[in-house]
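Morning, everyone. Let me put the model on the screen, and then I'll walk through the fold, the voids and a few backbone details.

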Amino acid sequence: LPEYIIVMNPGSLKYDPATVEWAAEFEKRTGIKVKLIEVGQAQRNYEIKVLEMFTAHAATYDFLHTSAGEETEYARLGYLYPKDDWWDPKKWSEYAPSARLGCEFYGPDGEKHVYSSPWQSNTYATFYMKDVWEKSGLEDPMSTGAPYKGSPRTWDELVEIARKLNDPPSRYGIGLGLYETGMIQHWYINLLNQGGDMFDPPDKPGYDTIAFDSKEGIDALKMITELNTKYKCIWPDSINPPEMWHYTRVKEKKAGMVYCYHAPARWLYEDFGAEAWGCFEMPPVDEGKIPIQLGIPSCWCTNNFSPEPRKIGANMLGTFAASPWAQRVELLVEGNMPVWLPIYDDPIVKKVIKWYDQLKVLRDSLSHQREPIMPYYIDIQHRCYEIFSAAFLGQKTPEEAIKEFRDYVYNLYKEKGLRGE
């Protein structure tokens, strides 16, 4: 076994107490020292550091996590150590389906392998203050119990509710994070809920398999743009929202509801207790269907250029991060959403988490979540944001925006020689 392993941690360890705790527990159990190194959290800067390390075939860090979009490319190029021998496929049944999608990719041999260990996820739900809905004469989505079974049951019904909650400029009906990373994510989930997908087949991205230049792709974008251009019920600055917008606009009742990742759950409980607020899954396009939710799983990878003993140590740490002990720490210490699903029925979790009804909604969303995964994802999301923002502002039609985005992805993949079939 190695004396130590080096972990590339995005952001300050001050804000990652769960990571610090389970890394320390791993040290106690194995005797392997875990060197946690803080690296700037800004996504583009972080990914540049990762890419610089890999292209130099360097062993600066043994253990890291990166976006699934970039991971699919790193796996194909042989930068990541395959974990097939470290992961029992039978265990996948205990984890959120999206976790597996973020861990298995095609390698240099053209075959699928496990390239990362499941960990936790940014899990999305729609948050709201109950008194805002009550004063507008609306049914509390959680009144029928959690997970919710009441209104809204469809996207169109959600839009109608957003219009009833709309009272600009003091309050808009709905809040979405359509910033650079968020625009493509929200559109992609709408695309899936419309019955479409980015590529055909979905796991074979290439210039020859593009499938989003379709009615489903256009309608998915209209679901976003018409909130502004037609209904005027979304914050106009949604494409460039202020810091902490997702929390402050719920807390200060400046949005009737906000669809965002799970962090406000803990903050709203700390400020208001468990009864004043609620959350629900974004409804499907067609009533009765299971709605697909946005979620961004985080998974841990092993650097294929690290010395062999440190690869072993890194894989051991990845297995431990996915274990029930570490998963419970993530939930109870930081309020993160572990991807190991049995943890949500854990008696300790039920006793400690006082907002358990809302947690059950988030747990359901976790089971239904997806994220866009494709090579050159950082570049693609940036261009998508530029094009779709113009459509959000009414400067392009959704049809024009989809065509322009399709041409960009086609030309990028053609230049890179990336065929799907």
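The chain has 16 helices and 12 strands. Both are DSSP runs, numbered from the N terminus: helices are H or I with at least four residues, strands are E with at least two. This is a predicted model, so local features need pLDDT of at least 70 and side-chain atom pairs count only at pLDDT 80 or more, while totals for chains, interfaces and linings use all residues. Residues are numbered from 1 along each chain as its sequence is written, and side-chain values use heavy atoms, with hydrogens and water left out.

Overall dimensions next. The C-alpha atoms fill a box of roughly 65 × 55 × 35 Å along the principal axes.

Now burial. Of the 421 residues, 57% are buried. Buried means under 20% relative accessible area, exposed means over 50%, and partly exposed is in between, with a 1.4 Å probe and protein chains only. The accessible surface comes to about 17300 Å², and 49% of that belongs to carbon and sulfur atoms. Areas come from the Shrake-Rupley method with a 1.4 Å probe; for residues, only the protein chains shown count as cover.

Contacts: among those with a separation of 6 or more, 76% are between residues 24 or more positions apart. A contact is heavy atoms within 4.5 Å.

On to the voids. How many cavities of 30 Å³ or more does the structure hold? Two. The grid is 1 Å, over the protein atoms alone: a cavity is a set of points where a 1.4 Å probe fits but cannot get out, a pocket is an open set with protein on both sides within 12 Å along at least five of seven lines, and lining residues have an atom within 4 Å of a point. Points are joined across faces, edges and corners, and a volume is the space filled by probe spheres set on them.

The largest cavity holds about 120 Å³. It has 14 lining residues, with W155, H186, N190, Y259 and M282 nearest its centre. Helices α7 (182–193) and α8 (215–229) each give at least two residues to that lining. The largest share, four residues, is from α7. By class, the lining has 11 nonpolar, three polar and no charged residues. For these classes, Ala, Val, Leu, Ile, Met, Phe, Trp, Tyr, Cys and Pro are nonpolar, Asp, Glu, Lys and Arg are charged, and the others, Gly among them, are polar.

The second largest cavity holds about 40 Å³. Its lining is K83, W86, W87, V114, S116, S117, N315 and T319. Strand β6 (116–129) and helix α11 (308–321) are the elements giving two or more of those residues. Three are nonpolar, four polar and one charged.

Elements α3 (68–76), α4 (97–101) and β4 (104–106) each supply at least two. Strand β4 gives the largest share, three residues. The lining has 13 nonpolar, four polar and 11 charged residues.

S389 sits in α15 (residues 377–392). Buried or exposed, this S389? Buried, because its relative accessible area is 7%. Leaving aside residues up to four places away in sequence, S389 touches M183, I239 and C384.

In α12 (residues 324–334), the buried residues are A326, Q327, V329, E330, L331 and E334. After α12 comes G335, with a positive phi near 75°.

Last, the backbone. Most residues other than glycine have a negative phi, and most peptide bonds are trans. Here are some exceptions. The P168 to P169 bond is cis, omega near 5°. P169 is in the loop between α6 (155–165) and β7 (175–176). D200 and P201 are also joined by a cis bond, omega about 5°. P201 is in the loop between α7 and α8.

H57 has a positive phi, near 55°, and lies in the loop between α2 (43–55) and β3 (63–64). M244 has a positive phi too, near 60°. That M244 is in the loop between α8 and α9 (245–251), and it counts as partly exposed, at 33% relative accessibility.
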